[in-house]
Amino acid sequence: MKKQNLIHAEGLVTESLPNGMFRVLTDNGCQILTHISGRIRRNSVRILPGDRVKVELSTYDLTKGRIIYRLSNKS
């Protein structure tokens with residue numbers, strides 16, 4: 001079942017925190033505290049500081065979100 005009323009954004013992982021938490025700086029300049037989604041955790045995708053990620057945010061709290069996709073680096 002898909003969740004409604006979610007905001008999608010892209011950003012850069014700036015800091016890795018314990019328990020699968022990360023700080024992400026979005027393209028519009030907001031700092032977000034995020035955690036890894038279950039699908040990424042299940043497939044053991046490694047996320048490191050400096051990676052570009054796609055994040056989904058709830059409309060209720062725009063300071064917390066979930067990493068749903070790791071984007072490929074263009075460098």
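Reply: At 26% relative accessibility, Arg52 counts as partly exposed, a class that lies between buried (under 20% relative accessible area) and exposed (over 50%), with a 1.4 Å probe and protein chains only. This is a predicted model, where local features need pLDDT of at least 70, side-chain atom pairs count only at pLDDT 80 or more, and totals for chains, interfaces and linings use all residues. Residues are numbered from 1 along each chain as its sequence is written, and side-chain values use heavy atoms, with hydrogens and water left out.

Me: Which residue in the loop between S2 and strand S3 is tied to Arg52?
Reply: A salt bridge needs a side-chain nitrogen of Lys or Arg within 4 Å of a carboxyl oxygen of Asp or Glu. Arg52 has such a contact at 3.2 Å, N to O. Arg52 lies in strand S4 and its partner in that loop, so parts 25 residues apart in sequence are tied together by Asp27.

Me: Which residue of strand S1 is tied to Arg52?
Reply: The closest N and O atoms of this salt bridge are 3.5 Å apart. Strands are DSSP runs (E, at least two residues), numbered from the N terminus. The pair joins S4 to S1 across 42 residues of sequence, so the partner of Arg52 in S1 is Glu10.

Me: Is Glu56 buried or exposed?
Reply: Glu56 forms a salt bridge with Arg66, with the closest N and O atoms 2.3 Å apart. Glu56 lies in strand S4 and Arg66 in strand S5. The relative accessibility of Glu56 is 13%, so Glu56 counts as buried.

Key
Helices (H or I, at least four residues) and strands (E, at least two) are DSSP runs, numbered from the N terminus.
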